[in-house]
Amino acid sequence: MSEKPSTLFVIWALIERDLRTLVKSPFILINRTIFFLIQLFVFAFLVSKLASSLGFNYFEFYSVGAVVSTITSIAFIIGEDLFEEEELGLLDYLLSLPFGHSLFVIGRALGGAVRGLIYVTPMMVLVAYVDGYFSPVGIAGSLLVVFVLATGISGLSITLAMMIRNANRFDIVIALAELATVRVSAAIYPLAYMPKVLQPVAAYSPVTSASDIVRAIFLPGYSAGIYETVVLVLFVAIFFGLGSAFLFRKIEGGRFE
Amino acid sequence: MAGSNKAADVIERDFRVFFADRYMLVIMFINFMIDLGVSGLSLGAMINNLGFSYFLYIAPGANLITATVAAFQSGRDVWRERIIQDTQQYLLTLPVRKNVFAASRLVSGMLRTMVTILPGTIVIALLYRLTFPFFLVGLLIMFVYSGAVAGLSVSAAALANSLELFATVRSTAQVYLSFFSTQFYPSSILPPAVAVVSAFNPMTWAVQSFRALQSGTVDLPLFAPLTGLSLALMAVGFILYRRTMNY
């Protein structure tokens, strides 16, 4: 029998496989791009007209949130892929390949994040241009922030895919998770305008943290720092662990490692 | 067995599938409440210079979007039978005429949608302080709208040969219904091109019909385009679904 493949090789193979899936899914790419452009140039444009009495430019605020919510929604697709693979019986084959389940979760979560990143890079550049921000280093930093967010969201999505058995329920739960993570955050409206009971929850949201950091980079008058970074990193760590644990339970029927 | 009984059997089967997972109804209601209670209230707090409550203005839209999601769940069942479970051929061997079968699926999609949005419609009726007769008119608006989205969802189920394509059509329909309508903004501020597109959007007519109830009027001229669009979309759904039955 040949040698066990190296960790890096396995992760790269998993990422490459997810990228191939993305290339084979042109409808999703086209659809999400159009959705983003409509969100920005129809919804945000018109709502910012209605919200003209605010003390800040809502269009700029929303533009950053639109990129963050788009990568969030793309990162959720990885769970849908896993669920479909499970339905088709392909997941059992993938899990029989010669590497650990933790590596599988890491590879798939990174795969989901990398394809999200490839996908939103043009959007991030467009938003930077629209918001009058032109530093390549800042744009690269913003892409790193949304990549970290997408990795955590992918882990969350994988966790849900492993927990739910019914296709219809999965469909609804994933839509609910996507809705909750984006709406209960400061991605598309400032925390101060959210219902008071939700403000503390939204303050701990990784989507809020990612949006705040990118706004602090792109837009004058916004700030973010260590706290937002810690929330993001914790979120990724938690869902790597949970995704891995649920996969382990699926394969072995055993306890969490 | 009479044709109507057979239609009832088809609808009953769809409801059995629907009620197989009762948590779905709860989850859909939570979905609606997030839309209304988080996005609605937040946007309502931000936009407070219009001379009317923006929260109440966008509230019916949250329920109509839930109706869209519910209708596409029915479409997803049709799609799964066709593509994943491969049970459509078996279903077509049952002693039900194909036309009756196709029409019944559309009607069951509408009825399932109505069951899903009933709690949301009650919430909106309470917010709008509607009398019981007006609440019933509200339900009628939702029923007519559910025909439009059931037609769209069955069309998507009939056309899509992959989950990716079905999901794409579903989200395209949701974007079209939400952003190219008067769900979030009055028609007076729409750019001309968007205004034209929004006139062919059932959401526009449904949401405006519902808003009219708040002022204590039933705006019949808004019903005509809503009904026309719903019938047209149901006819498209029926034709496309019926086509998948010809081998």
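This is a predicted model: local features need pLDDT of at least 70, side-chain atom pairs count only at pLDDT 80 or more; totals for chains, interfaces and linings use all residues.
Residues are numbered from 1 along each chain as its sequence is written, and chains are lettered from A in the order in which they are written. Local features need pLDDT of at least 70, side-chain atom pairs count only at pLDDT 80 or more, and side-chain values use heavy atoms, without hydrogens and water.

**View 1. Helix α2 of chain A bends at A:Q39.** Helices here are DSSP runs (H or I, at least four residues), numbered from the N terminus. α2(A) covers residues 26-50, 25 residues in all. It reaches 35 Å from first C-alpha to last, close to the expected 36 Å (1.5 Å times one less than its number of residues). The bend is about 35° (the angle between axes fitted to the seven residues ending there and the seven starting there).

**View 2. Helices α7 and α8 of chain A cross at roughly 155°.** Their axes (lines fitted to C-alpha atoms over the stretch in contact, with angles from 0 to 180 degrees between N-to-C directions) come within 10 Å. So α7(A) is roughly antiparallel to α8(A) (an angle over 145 degrees).

**View 3. Helices α2 and α5 of chain B cross at roughly 35°.** α2(B) spans residues 23-46 and α5(B) residues 98-128. Their axes come within 8 Å. B:L25, B:M28, B:F29, B:F32 and B:L36 in α2(B) meet residues of α5(B), among them B:V115, B:P119 and B:L127. Contact means heavy atoms within 4.5 Å. The contact has 10 nonpolar residues, 2 polar and no charged (Ala, Val, Leu, Ile, Met, Phe, Trp, Tyr, Cys and Pro count as nonpolar, Asp, Glu, Lys and Arg as charged, the others as polar).

Notes. Helices (H or I, at least four residues) and strands (E, at least two) are DSSP runs, numbered from the N terminus. Angles under 35 degrees count as roughly parallel, over 145 as roughly antiparallel, 65 to 115 as roughly perpendicular and the rest as oblique.
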